[in-house]
Amino acid sequence: RYKKKDSNILKDITYSFSVDNIYCILGHNGVGKTTLLNIIGGLLLPTSGEIKLHKKNVLKESNLRKDIFLISSESFFYKKLNAIENLKCISSLYGVNPDAKYIIKLCSHLDLTKEQTLQKIETYSSGMIQKLNFVLLKILKPKVILLDEPFNALDIKSQNILFNLLKEFHKREHLIIFTTHFSNTVINLASKIVVLKNGEIHATKHINDVSNEKELEQWMLENY
């Protein structure tokens, strides 16, 4: 449960996520999707309730938060540092210390050149910043990956690269939960859909129960 002022943004939500699925959380703007991810990721404290990982309460076991990584719509990179400096600094907070050569190699896989990794983040486009987030994922390899509308700033080629990256994480039994408003993203990546409505889980559906994108769009319209 999460309460803001006099209204409950989230109320009485009980749900178990499993590494067997890639989850997509759907719902209209303002329904609480970002709030839910922020709570799971440890950026917000719920008014009441628990977040459990490995049967332990994440809210009380702060060391568990290193197993959870959230990519949000807001950049947390330091604007006056370059990409290599940022990735080294943030990785060190998770107890990981990649060298510059390894970082440059990972960046090249996402079409970021060596020259670009030496540029300050304040010169980066939103798409380039999002690519850095995914480089950080490859460095940290967190067991729980949370993504809040992660593909909006990316071109089609980059989206496909990142779809494949997330599917590889899924094969290695990492838990992936993401939000989006686009049916094609859902059908290409998710295996389980969870719809939030009025602060509660309103509906769930397995992607195998959907024949095509048009049918998915109709189901989304009916359940928003």
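**A buried threonine and the cores**

Mentor: T179 counts as buried because its relative accessibility is 0%, and the cut-off for that label is under 20%. The model is a predicted one. T179 belongs to strand β8, which covers residues 175–179. Its side chain makes a polar contact, at 2.7 Å, with the side chain of D148. With neighbours within four places in sequence left aside, D148 is also one of the residues in contact with T179, along with I25, K33, L37, L147, E149 and P150.

Two of those residues, L147 and P150, lead on to F134, which touches both of them. Not counting residues up to four places away in sequence, F134 also touches I71, L110, F151, L162, L165 and L166. In the largest nonpolar core, which has 49 residues, F134 is among those that touch the most other members, together with L87, L132 and L166. Helix α5, residues 126–140, gives the most to this core, with nine residues. Another core lies apart from it and has 21 residues, including L10, I39, L64 and I68. As a general background, nonpolar side chains in soluble globular proteins tend to be buried together.

One further position is I104, in helix α3, which runs over residues 100–109. I104 touches I84, K114 and T117, again not counting residues up to four places away in sequence. The C-alpha atoms of I104 and L140 are separated by 15 Å, and the two residues are 36 residues apart along the chain.

Note on methods. Residues numbered from 1 in each chain as written. Predicted model: local features only at pLDDT ≥ 70, side-chain atom pairs only at ≥ 80, totals over all residues. Heavy atoms only, no water. Helix = DSSP H or I, 4+ residues; strand = E, 2+ residues; numbered from the N terminus. Buried < 20%, exposed > 50% of the residue type's maximum accessible area, 1.4 Å probe, protein only. Polar contact = N/O pair within 3.5 Å; in protein donor to acceptor, adjacent residues only side chain to side chain. Contact = heavy atoms within 4.5 Å. Core = buried A, V, L, I, M, F, W, Y, C linked by side-chain atoms within 4.5 Å.
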